Amino acid sequence: MNKISRIILVVSISCLAIVATAKENVPGSTAVKSQASRQAMKFGSDCDPATQSADLDVNNVRTKILNGGDMWWDLSSARYEVPKISDLNSVRKHSLFAGAIWIGGEDVGGNLRLAAMTYRQRGSDFWPGPLDPATSNTSNAQCEQWDRIWKVDGSKIIAHSEDAQANGNVVIVDQQISDWPGKRTPFDVAYAPFKDLNGNGLYEPEAGEYPVLQDECKGVKLDNLADDQPDQMLWWIYNDKGNIHSESQGDPIGVEMQTTAFAFATNDEINDMTFYTTRITNRGFSELKNTYFGQWVDADLGNYADDYVGCDVGLSLGFCYNGDDNDEGVLGYGLNPPSVGVDFFEGPTVDTVIGGIPQKVELGMSKFVYFNNNSNQINGNPQIATDFYNYLQGKWRTGADIEFGGDGITGTDGTPANYMFPFDTD
């Protein structure tokens, strides 16, 4: 076990990886800017940073989602509230502070290309909207048009579908359904998934069509309204070409990210969970090698000062727990505090051959890494693109292997380790 400021879960397919953290970077470790300057920050003459947010709040969790590649915070405070409360006079407890996807790889010339986010203290690596497939570019006007998060409740989808089944069409379409950014013209290349009842490829809500959750890994749509329809969905799209990568200092990849956040209101443990699926498309003109992607997670469990982390390798699960049985302070969970986990519920797949038969193999967590909220040159906050990339590879900032045992810097026998604090699951 180890008391930490940040952790990283990594998936690699010669193209993937993940991360986790806790609290804004300490002054001196990165260029800290005021809240107003972070929100107004603009580099060059292209896209402005994303400005929109929405709450995913249908079950026992209320969390804020941002559309600039980060989530679970409001640009200053933790916003992953569980259990969700409605009493305005009660103190809200939060278990996560922030999170974002990191992705990095090498082009055919061996040049590193990388996009990542932490706290927008130096700026952004992601901007709203899609990329033009022909040019891999965007514009300020395009980013502004897509600077939004779309939200839809499952109850409205069900009512909409039942109305269409009873009447053959829908005269009055709820605004959540009508606003859903489905494919409206044959020329649309960016759009949210929807149930295409007549098979013409266009979103026609007045004909009874409705938003659905698309399982990006298997390429199928979970559109059984009785069993699979989430009780709430958020959808947004963003890219890493809108402007300079001021957060990671990395060269852009040309990736387009389409994310759906969703949740179910149930009577079991799922009521305390939120889910996310992201479709990552490389619209750049360079094939990436040695590529990794990761989910950076700042796991502040109530009072963040006494948090510890570990992982379960078989479950592809990284978790955060309290150092003792009392999470002190007004923001703490008190006696018998809970734990919180981040799981690769269904990871990416890679093509391989097993027994002479081509197959797709699902990848789980391939690394689990922490880094501290300080300026330590080995395991402190990442400053430049190679720091982020080394963490994504399951290495220290210097590129040195993490070692088994101890704090991972000086291990027990010098054996390289893929997972920090796996207990007996490795």
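Visitor: How do the residues of the lining of the second largest cavity divide into nonpolar, polar and charged?

Guide: This is a predicted model, in which local features need pLDDT of at least 70 and side-chain atom pairs count only at pLDDT 80 or more, while totals for chains, interfaces and linings use all residues. Residues are numbered from 1 along each chain as its sequence is written, and side-chain values use heavy atoms, with hydrogens and water left out. A cavity is a set of points, on a 1 Å grid over the protein atoms alone, where a 1.4 Å probe fits but cannot get out; lining residues have an atom within 4 Å of a point. Ala, Val, Leu, Ile, Met, Phe, Trp, Tyr, Cys and Pro count as nonpolar, Asp, Glu, Lys and Arg as charged, and the others, Gly among them, as polar, and the lining divides into 8 nonpolar, 2 polar and no charged.

Visitor: Which elements give two or more residues to the lining of the second largest cavity?

Guide: The lining comprises 10 residues, and Ala-299, Gly-318, Cys-320, Val-340 and Val-342 lie nearest the centre of the cavity. Strands here are DSSP runs (E, at least two residues), numbered from the N terminus. The elements that contribute two or more residues are β20 and β23 (340-343).

Visitor: Which residue in β20 is the bridge partner of Asp-307?

Guide: Two strands pair if DSSP finds at least two bridges between them. Strand β19 (residues 307-312) and strand β20 (residues 317-322) pair in the antiparallel sense over 6 bridges. For Asp-307, the bridge partner in β20 is Asn-322.

Visitor: How many aromatic pairs does a search of the whole structure find?

Guide: Rings of Phe, Tyr and Trp (its six-membered ring) pair if their centres lie within 6.5 Å; planes under 30 degrees apart count as stacked, over 60 as edge-to-face and the rest as tilted. Applied to the whole structure, the search finds 26 aromatic pairs.

Visitor: How many residues apart in sequence are the parts that the pair of Trp-73 and Phe-97 ties together?

Guide: Trp-73 and Phe-97 form a tilted pair, 5.9 Å centre to centre with 45 degrees between the planes. Trp-73 lies in the loop between β7 (70-71) and β8 (80-81) and Phe-97 in the loop between β8 and β9 (98-106), so the parts tied together are 24 residues apart.

Visitor: Is Trp-73 buried or exposed?

Guide: Buried means under 20% relative accessible area, exposed over 50%, and partly exposed in between (1.4 Å probe, protein chains only). Phe-97, at 3%, is buried. With 0% relative accessibility, Trp-73 counts as buried.

Conventions: Helix = DSSP H or I, 4+ residues; strand = E, 2+ residues; numbered from the N terminus. 1 Å grid on protein atoms, 1.4 Å probe; cavity = no way out; pocket = protein on both sides within 12 Å on 5 of 7 lines; lining within 4 Å.
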